[in-house]
Amino acid sequence: MRARVGAGLLALTTGLAAALQAGAALSSVRSPPALPTPSLTITPSIIDAIAVRGAFLTPIRVVNSTPVVFKVRFYPALVHQKLDGSLVIRERRRELAAAKKLFAIRPTSREMTTGAALALQVRFLRPPPRRRAAYAAAVVEATPSVIGPGTSYRLRLLGALLVRTPRAPAPHGRIASMRVMQLGPRRFAFCARLANTGRVHGYPGGLRLQLRRKGGAVVASGAPRPGVVLPGYRRDYGIRLFHSLPRGEYVLDATGRFGRSTLRARGRFSVIRGKRVRVSRTARLGCAA
Amino acid sequence: MKPLVKLSILAAVAAAAVLTMPAGAGADSQPVSGTVLSLLGISVSGPVALTNFAPGQTATGSGTVTVTSTGPWVLRLADGDTTNPGHLLRTAGTGGASALAQALGWTATPTLGGTGGSGTLSGTTQVAASGTLSNLINVGYSQTIGATEQLQSGNVYGLTVTWTVSST
């Protein structure tokens, strides 16, 4: 009898884990139809390097396999980082000029016909004053050469440029908040919001989120994808659960490392009548991951 | 079947396999593998022509955006025009309104998982969609045109949507 109960509990936990994994790798579960291959592409899309002043970074290969002839501009731009980890370029004239003091990109423009490819030369000039690292995006901005009347388009690809100098310090940071968000009756997102309090970018190592009932068994656990967080920015690292949670109190733990810092945080929340989430002082609402 | 008999049958099958193997095909193997590079790409289905474009109507149009990516991405859209962002401007013809009163509405729906969005186009970048790997996003546009808007037959109104994709 004891064995049967154990098996039942195991099945429940496994089901939750499977639901969790389904959320983490949703695209791999569905069978993708054949995508149209023509595209304007850059590779690599992220350059993470340790470099000295004046060093050339890995060239970025730009390929136009679309049937459209594009006028393409290439330039560096300073960036903000959003909570979901994406970069947004800073487009004020002063900021664009500042980016050109950090990185040089050649060529600066080119008409790219169908099948055209080129290698962008990216040179790290220097970090900003009193800094040991520089952050920007290599912007590839394409406009169709022939623009007809009506609604047209412009394409922008952002390649991340993350450069530390050899004497840059190690990253350090902390978990600023634990967060929970109900996305639907049977869909939850759990996040640890990591604040990079250091002077260089970094990636959380061994980050793990664990959800359990208060004083009870583990309901779910998972390892969020360890994407980069820039200095001075915050980023949400989360897992999703595609399963309803019974009423009760829950504890969400996060553990991991970030450079020299050990990450450890705990948040508490409740699921109340109507399957609604009620957060406490230790957990907040909203999750960008 | 006794275990000893079963074992001798297996030995005979193995010996026959060795005898039928071509000379030189035995020892070496050549592993072949490839490591995926970080790649980011984008393409759109082309300019969009809105149909039903007349006063008192809601003009609509659709297209697709393809994001090719080997990692998570976020797709944003904005209107780069600084004078009247989000609004279709007269690009051909004379007379009538120089710009539409209402901003262009949009929806973005990824077809391979991920998260879509909807909103009204403006000069500020908005998140249209996000996902983990390559995806095809259906994009719909809708333009509400007031019944008293001064539109002249044959004139063309348009704007340029800027699509920006970045890795996360």
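Modeller: Start with chain A. Among its contacts between residues at least 6 apart in sequence, 67% join residues at least 24 apart. Keep in mind that this is a predicted model.

Biologist: How many helices and strands are in chain A?
Modeller: Chain A has three helices and 20 strands.

Biologist: And how much of chain A is buried?
Modeller: Of its 289 residues, 47% are buried.

Biologist: What is the mean pLDDT of chain A?
Modeller: The mean is 84. In chain A, 85% of residues reach 70 or more.

Biologist: Where does pLDDT stay under 50 in chain A?
Modeller: Over residues 1-31. The model has 19 contacts beyond four places in sequence for that stretch. Where pLDDT is low, the predicted coordinates should not be read in detail.

Biologist: Okay, cores. Which residues touch the most other members in the largest nonpolar core?
Modeller: A:V62, A:F103 and B:W163 do. That core holds 62 residues.
Modeller: There is also a second, separate core of 26 residues. It includes A:L207, A:L245, A:L252 and A:F258.

Biologist: Back to A:V62. What does A:V62 touch, leaving out residues up to four places away in sequence?
Modeller: Its contacts include A:L40, A:T41 and A:I42. A:F74, A:M112 and A:V140 are also among them, as are A:A116, A:A117, A:L118 and A:L120.

Biologist: New topic, pockets. How much space lies in the second largest pocket?
Modeller: About 460 Å³.

Biologist: Which residues lie nearest its centre?
Modeller: A:L78, A:R90, A:P128, A:R131 and A:Y135, out of 18 lining residues. In chain A, α3 (93-102) and β10 (133-144) are the elements that give two or more residues to the lining of this pocket.

Biologist: What classes of residue make up that lining?
Modeller: It has 12 nonpolar, one polar and five charged residues.

Biologist: Now chain B. Where is B:G105?
Modeller: B:G105 is in strand β5 of chain B, residues 105-110.

Biologist: Is B:G105 buried or exposed, and why?
Modeller: B:G105 counts as buried because its relative accessible area is 12%, and the cut-off for buried is under 20%.

Biologist: What does B:G105 touch beyond four places in sequence?
Modeller: B:G119, B:T120, B:G140, B:Y141 and B:S142.

Biologist: And what separates B:G105 from B:G86?
Modeller: Their C-alpha atoms are separated by 8.6 Å. Along the chain, the two are 19 residues apart.

Methods: Residues are numbered from 1 along each chain as its sequence is written. Chains are lettered from A and ligands numbered from 1 in the order in which they are written. This is a predicted model: local features need pLDDT of at least 70, side-chain atom pairs count only at pLDDT 80 or more; totals for chains, interfaces and linings use all residues. Side-chain values use heavy atoms; hydrogens and water are left out. A nonpolar core is a set of buried Ala, Val, Leu, Ile, Met, Phe, Trp, Tyr and Cys residues joined through side-chain atoms within 4.5 Å. Buried means under 20% relative accessible area, exposed over 50%, partly exposed in between (1.4 Å probe, protein chains only). Contact means heavy atoms within 4.5 Å. pLDDT is the predictor's confidence in each residue, from 0 to 100. On a 1 Å grid over the protein atoms alone, a cavity is a set of points where a 1.4 Å probe fits but cannot get out, and a pocket is an open set with protein on both sides within 12 Å along at least five of seven lines; lining residues have an atom within 4 Å of a point. Grid points are joined across faces, edges and corners, and a volume is the space filled by probe spheres set on the points. Helices (H or I, at least four residues) and strands (E, at least two) are DSSP runs, numbered from the N terminus. Ala, Val, Leu, Ile, Met, Phe, Trp, Tyr, Cys and Pro count as nonpolar, Asp, Glu, Lys and Arg as charged, and the others, Gly among them, as polar.
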